[in-house]
Amino acid sequence: MAEHSSGGRHTEDADRAALAALCARVGLPDRTAARLTHVRQLTRARPPGSLGLLDTLVPRLAGILGRPSPGELSAAVSVLAGDHGVAVHGTSVFRPDVTARVLELIAAGRAPVNVLAARLPAPVEYADFGLARPVGDQRYKVSAGTADITGQDAMTPAQALRAIRHGAAYADARLAGVDLVAVGEIGVGNTTATTALAARLLGLPADGLTGVGSGVPDATVRHKTHLVEQALHRTRDLPDDPVAVLAALGGYEIAGNVGVVLASAARRQVVVVDGTITAVAALVAARLCPAVTEYLVAAHLSSEPAHRLLLDALGRPPLLQLEMRLGMASGAALAVGLINAALAVAEHTPGADAVDLAGRP
C-alpha cells in the first residue's frame, strides 16, 4: 500500500513550478544540422531512402545533437523500478516481490539488459523509485509502492510531481554525459497501470488495449481488462491534466521516467523509448511539453496492444518489431546498436561521384 501524504501545498507548488521550468528548457532541434545531413545523404553512393526508416532517422539525430556528422553515439541504459498495488489481484505471472529481485539482478550485472548493454558497450544505470522492499540507492524513492488503482488513486498529485522531479534529478546525476539515453523500467503489475493510463490519455476503452503483459493466460487478460475498467470508472470525473491522470492511474517508475524523458530532451539527448510502459511515460511528458516528441526514438513494437497506439500518438514509428515483452530497456538497448549502425553507413558511404551506380564505363 502506498504511503500517501500531501507533501504540503508549498512543496507541490514548488514542484509544479520546477516542472514548468524544465518543460521550458526543451527547445527545438537544430534544423540546419538536420537539413545538411539530409542533403549529404542524397549525395551518397546508394539509392535515396534505401535504408527506409533509418534514412529518416539519421537527419533527426543530427538535429537533436546539433551536429551534421553525429558519429557513433555514446549511450547509457536506464532502468527505474516501482511496485504496484494492483498486482495483488494476480495480474502477472510473477509475485509482486519479484520486482525487487530483478533490480538486484540488474545491480549485480546479471540481468538480460546487462548482457545487451555490455555489447554496445554502455553502462546500465538503475534506481528504486517505489519498491515495497528497498533496493540500493534510496535517494530518488518517493514511496513504497502505489495504492491499488481499482479502489483509490495510485499516488497523490504531490507524489507524482515529486517522482517527476526525482526522475529529472536522477537523469542529471546519472545520464548527463552521453549522447543517447535508453529508457526502461521494471514493475510487476505495471502493464495493468499502463493500460489504464493509455486508455485515459487516448480516450479509448480498456477492451482491446489490455495484453498478456508478463505472459498471462487469456482468462487473466480478461481479469486485467475488468480491473482497468474499474479504475477507469472510478476516475471518470478526472480532470484533463496529465499530472492528475498520472497520479490516479500510474506508478512511481512511470512518473520517474516522465522526468527522465523531459530532462534528457532539455539536455538535447536522443531518448530511445523501450516498450509500452516507457511509451506511456513519454506520452505524459509530451502532453506536458509537446516539443519533447522531437527527441524521441521508438525502439521497438512490443506484443502489448496499447503500444502501437501510444507510438502513433507520439508520431514515432518503431525501429524493430520482435514481439518482445521483457522490459528493463532490453528493446531500447537492442535499438542503440541499430542506430549506431545507421549512423556509420551515413558517415562512411562514399559520395556518388566516387562510384558509378549506373554501371557506365
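Colleague: Leaving aside its neighbours within four places in sequence, which residues is Thr-276 in contact with?

Modeller: Bearing in mind that this is a predicted model, Thr-276 is in contact with Thr-194, Ser-302, Glu-304, Ala-306, His-307 and Leu-310, once the neighbours within four places in sequence are set aside.

Colleague: Which of those does the Thr-276 side chain make a polar contact with?

Modeller: The side chain of Thr-276 makes a polar contact with the side chain of Ser-302, at 3.2 Å.

Colleague: And where is Thr-276 placed, and is the residue buried or exposed?

Modeller: Thr-276 lies in helix α11, which covers residues 276-288. Its relative accessibility is 6%, and because the cut-off for buried is under 20%, Thr-276 counts as buried.

Colleague: Switching to helix packing, how is a pair of packed helices described?

Modeller: Two packed helices are described by the angle between their axes and by the distance between those axes.

Colleague: New topic: how many salt bridges are found in the whole structure?

Modeller: A search of the whole structure finds 13 salt bridges. One of them joins the side chains of Arg-40 and Glu-347, at 3.6 Å from N to O. That pair links distant parts of the chain, with Arg-40 in helix α2 and Glu-347 in helix α13 (residues 330-348), 307 residues apart.

Colleague: How exposed are Arg-40 and Glu-347?

Modeller: Arg-40 is partly exposed, with a relative accessible area of 28%, and Glu-347 is partly exposed, also with a value of 28%.

Colleague: What about Lys-141, which residue does its side chain meet in a salt bridge?

Modeller: The side chain of Lys-141 meets that of Asp-128 in a salt bridge of 3.1 Å, N to O. Lys-141 sits in the loop between β2 (124-130) and α6 (157-174), whereas Asp-128 is in strand β2, so that the pair, 13 residues apart, links distant parts of the chain.

Colleague: Are those two buried or exposed?

Modeller: Lys-141 is buried, with a relative accessible area of 16%, and Asp-128 counts as buried at 0% relative accessibility.

Colleague: Last one: where is Lys-224, and which side chain does a polar contact join to the side chain of Lys-224?

Modeller: Lys-224 is found in helix α8, residues 218-234, and a polar contact of 2.9 Å joins its side chain to that of Thr-191. Lys-224 is buried, with a relative accessible area of 1%.

Colleague: How far apart are Lys-224 and Ala-281?

Modeller: Lys-224 and Ala-281 are 57 residues apart in sequence and 20 Å apart in space, taken from C-alpha to C-alpha.

Terms used: Residues are numbered from 1 along each chain as its sequence is written. This is a predicted model: local features need pLDDT of at least 70, side-chain atom pairs count only at pLDDT 80 or more; totals for chains, interfaces and linings use all residues. Side-chain values use heavy atoms; hydrogens and water are left out. Helices (H or I, at least four residues) and strands (E, at least two) are DSSP runs, numbered from the N terminus. Buried means under 20% relative accessible area, exposed over 50%, partly exposed in between (1.4 Å probe, protein chains only). A polar contact is a pair of N or O atoms within 3.5 Å; within protein, one must be able to donate a hydrogen and the other to accept it, and residues adjacent in sequence count only if both atoms are side-chain atoms. Contact means heavy atoms within 4.5 Å. A salt bridge is a side-chain nitrogen of Lys or Arg within 4 Å of a carboxyl oxygen of Asp or Glu.
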